[in-house]
Amino acid sequence: MTKAMDRNLLVGLDIGSTKITALIGEVLNSGEMSIIGVGSHPARGMDKGGVVDLDLVVDTVQRALAEAELMADCKISSVYLGVSGKHIQCFNERGMEPITDKEVTQEDIDNAIHTAKSVKMPDEHRILHVLPQEFAIDYQEGIKNPLGLSGVRMEAKVHLIACHNDMVKNIVKCVERCQLQVDQLIFSALASSYAVLTDDEKELGVCVVDIGSGTMDLAVFTGGSLRHTSVIPLAGNSVTRDIATVFGTPLSDAESVKVRYGCALGSLVARDDTIEVPSVGGRPSRSLQRQTLAEVIEPRYSELFGMIKSTLDELGEDLSNQGSKLQLGAGVVLTGGASQIEGVVECAERILQCQVRVGQPMNVSGLTEYVQAPTYATAVGLLHYGKENKSVKQLEERSNSGVSQLMRRLSTWLKGEF
């Protein structure tokens, strides 16, 4: 069994409320991401992105990781870890910086971004991501890459994603108890965007919604940059509970019924379709019309999409007050486990009043038959994020190494030893 460091391997770990998924990907010489290991187990000890039983989460994470390692025939030592929960907050900030040599250097860019992120965070929160949106130099705005441009003063606009320190500490603790390190924490919706969105969609304007079991994670892109992120603490589990309550069936069976027979729009269901619904306490199962099931599911999905629309309306109002406009030319992309139900696109389009599609992971090879489903979007996105982040980090390390060598040579020359 080889070690991950001996090959160009990355590991994405998605700890959800109902399922924990571990993916091992190998970055090929062509730059393509090949899935070589998959581990997935029902989650225990998680609720709406937070840990409620540490030991149960650790046990499930170990099972998922062991399964992925066995399939990939390797031993892993670190993971890229997705995080979610209602504790996630976002901010759009600006940072000003004088241009030192009349021409923008990388140091000027870094200083402007540092100024933008140097804001007071809410109590017990820390910054998770600092994502540059655009720059302005003097009177010219909308600059994507200011490096080398001339001017006197530069402004950086950034999107900050913050998380509650203790909430993420508990999730990290679960990973560390499995004798692993966390390479980086990544907000789940941001990770999903790497897996299911195209550059054209981000440029036109798009909202990706990762509908999990406990939360709905939103990320809004316009002009190629991330503008808004948020978490709605209500998702697929609420639909499952409604089915369990109305039909008197266990939650596990209610989830199976939802996945196999559910429909988010009752008008799409044939009236003569019937289904078998298990009962509790050893009672015999009952035969019901599928239309009746849809009548339970549709109102809840309508409510969920109504919450998304309210969030987008509030964002549009905020942008309007700033003299801008929210334009989602590419509409909404739904992903996550609860987006796989029949009729979800039609129901969403009716309420959101824009084009909607269900996003599946893209740009991967290898064991694609295991991951070509919306439920794996976050885990695949973690691999894509890790590949991009690793490339940037290696480039910075090479650059720093080059500077260090130059400084050593200069020091030697000054000492007369060159």
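Select Tyr 194 to begin: in this predicted model the residue counts as partly exposed, at 22% relative accessibility, and its place is in helix α4, which covers residues 188-196. With both side chains displayed, the two rings form an edge-to-face aromatic pair, with 5.3 Å from centre to centre and 70° between the planes.

Tyr 301 is buried at a relative accessible area of 1%, and Phe 305 is buried at 0%.

Lys 19 lies over the face of Tyr 376, 4.7 Å from the ring centre, while the charged end of Lys 202 sits over the ring of Phe 221, at 5.1 Å from its centre.

From there, select residues 10-196, which an unreviewed UniProt entry records as "domain: SHS2"; the span is 28% helix and 44% strand, and its end C-alpha atoms lie 19 Å apart. Then display the open sheet of 4 strands in the order β9-β12-β10-β11, paired in the antiparallel sense. Strands β9 (89-98) and β11 (140-143) are at the edges with a single partner strand each, so one side of each has no neighbour in the sheet. From one strand to the next, the twist averages 35°.

Zoom in on β9 and β12 (residues 153-164), which pair over 10 bridges, and find Cys 90 opposite Ile 161 in β12. Helix α2 (residues 106-117) lies across β9, β10 (125-137) and β12, at about 135° to β9. Helix α3 (residues 165-176) also packs on the sheet, where it touches β10 and β12 and makes about 65° with the direction of β12.

Two further selections complete the tour. Ser 225, in strand β16 (residues 225-232), counts as buried at 6% relative accessibility, and its contacts include Pro 132, Gln 133, Lys 144 and Val 220. Glu 369, in helix α10 (residues 368-371), is exposed at 60%, and its C-alpha lies 9.9 Å from that of Ile 35, although 334 residues separate them in sequence.

Key: Residues are numbered from 1 along each chain as its sequence is written. This is a predicted model: local features need pLDDT of at least 70, side-chain atom pairs count only at pLDDT 80 or more; totals for chains, interfaces and linings use all residues. Side-chain values use heavy atoms; hydrogens and water are left out. UniProt positions are given in the numbering used here, feature names are shortened, and annotations may be inferred rather than shown by experiment. Helices (H or I, at least four residues) and strands (E, at least two) are DSSP runs, numbered from the N terminus. Buried means under 20% relative accessible area, exposed over 50%, partly exposed in between (1.4 Å probe, protein chains only). Two strands pair if DSSP finds at least two bridges between them. Axes are lines fitted to C-alpha atoms, for helices over the stretch in contact, and angles run from 0 to 180 degrees between N-to-C directions. Contact means heavy atoms within 4.5 Å. Rings of Phe, Tyr and Trp (its six-membered ring) pair if their centres lie within 6.5 Å; planes under 30 degrees apart count as stacked, over 60 as edge-to-face and the rest as tilted. A charge sits over a ring if NZ of Lys or CZ of Arg is within 6 Å of the ring centre and within 35 degrees of the ring normal. Lists of a residue's contacts leave out its neighbours within four places in sequence.
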